[in-house]
Amino acid sequence: FMRDNVASHIDDFVPITMATQTANILVVHPTLPVRSVSDLIALAKSLPGDLNFATSGTGNSVHIAGELFKSLARVSVVRVNYKGASQALTDLAAGQMQFMFAVPGSVMPHVKAGRLRALAVTSAEPSALVPGLPTVASILPGYESVSYLALFAPAGTPAAIVGRLNHEIVRALQSQDIKGRLFTAGIETVGNSPDAAASLIKSEIARMGKVIKDAGIRAD
């Protein structure tokens with residue numbers, strides 16, 4: 001959902017828990033002469049408007065991660081949008097694009113094969129999904145772009161039922177089987193309280209809503 005759609009319907013639901021979170025990985029084509037986020041920013045500033053970054057949709061985490069990078073790094077780079085991540089990554093690996101923010105599950109096989117170079121992860125803290133990879137925030141303070149999946153119940157659902165659902169769902173998310181399956185797919189489990197989920201949703205609507213507004217993003 002775009003920010004305005006979420007904000008306009010948020011009162012129709014009550015959060016049960018934040019179920020999962022997925023950071024993006026900033027990757028570049030190996031021929032690009034950069035080894036770090038600092039190098040990429042310096043190159044982009046030396047070549048304003050010459051570097052292209054691929055996205056796979058409008059208003060999704062991949063797109064917003066790029067717009068937040070442009071804003072905080074104060075660089076002029078060109079977005080090239082694709083209908084899907086597969087084609088975007090194919091063209092990036094072929095050298096037709098210079099960089100991209102992509103989900104771990106789709107991009108890490110390319111990194112491991114040497115077709116792409118990973119520079120950083122978009123979560124505020126280092127991620128166990130990509131051990132040793134620095135954060136974008138280590139160079140751009142305040143940078144964080146993470147996609148969340150939350151579970152909701154209809155507004156007016158009794159608190160006791162919400163609490164029971166929270167207890168059972170969080171217990172399932174914490175099981176080694178589910179955590180392991182999701183981790184293999186490049187997804188980290190969260191499992192927090194309804195109040196914590198509500199607070200995070202509210203802050204993300206405000207924070208990322210500003211990025212969306214400033215970038216002039218509109219739904220396709």
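Start by selecting Leu-51 and showing its surroundings: leaving aside residues up to four places away in sequence, Leu-51 touches Leu-32, Leu-40, Leu-43, Ala-44, Val-77, Val-78, Gln-98 and Phe-99. Keep in mind as you go that this is a predicted model.

Now widen the view to the largest nonpolar core, which has 30 residues. Leu-51 is among the members that touch the most others, along with Leu-40, Phe-69, Phe-99 and Tyr-143. To see where this core comes from, colour β2 (25-28), α2 (37-46), α3 (61-73), β5 (99-102), β6 (117-121) and α8 (194-215), the elements that each give two or more residues to it. Apart from it lies another core, of 20 residues; pick out Leu-89, Met-108, Leu-116 and Ala-118, which are among them.

Select α3 and α8: their axes come within 10 Å and cross at roughly 75°. For the side chains, show Ile-64, Glu-67 and Leu-68 in α3, which meet Arg-207, Met-208, Val-211, Ile-212 and Ala-215 in α8. By type, the residues of this contact of α3 with α8 split into six nonpolar, two charged and no polar.

Then move over to the sheet. Here three strands form an open, antiparallel sheet in the order β7-β1-β8. β7 (146-154) and β8 (188-189) are the edge strands, each pairing on one side only.

Last stop: helix α6 (residues 159-173). Helix α6 lies across β1, β7 and β8, running at about 15° to β1.

Methods
Residues numbered from 1 in each chain as written. Predicted model: local features only at pLDDT ≥ 70, side-chain atom pairs only at ≥ 80, totals over all residues. Heavy atoms only, no water. Core = buried A, V, L, I, M, F, W, Y, C linked by side-chain atoms within 4.5 Å. Buried < 20%, exposed > 50% of the residue type's maximum accessible area, 1.4 Å probe, protein only. Helix = DSSP H or I, 4+ residues; strand = E, 2+ residues; numbered from the N terminus. Contact = heavy atoms within 4.5 Å. Pairing = 2+ DSSP bridges. Axes fitted to C-alpha atoms, helices over the stretch in contact; angles between N-to-C directions. Nonpolar A, V, L, I, M, F, W, Y, C, P; charged D, E, K, R; others polar.
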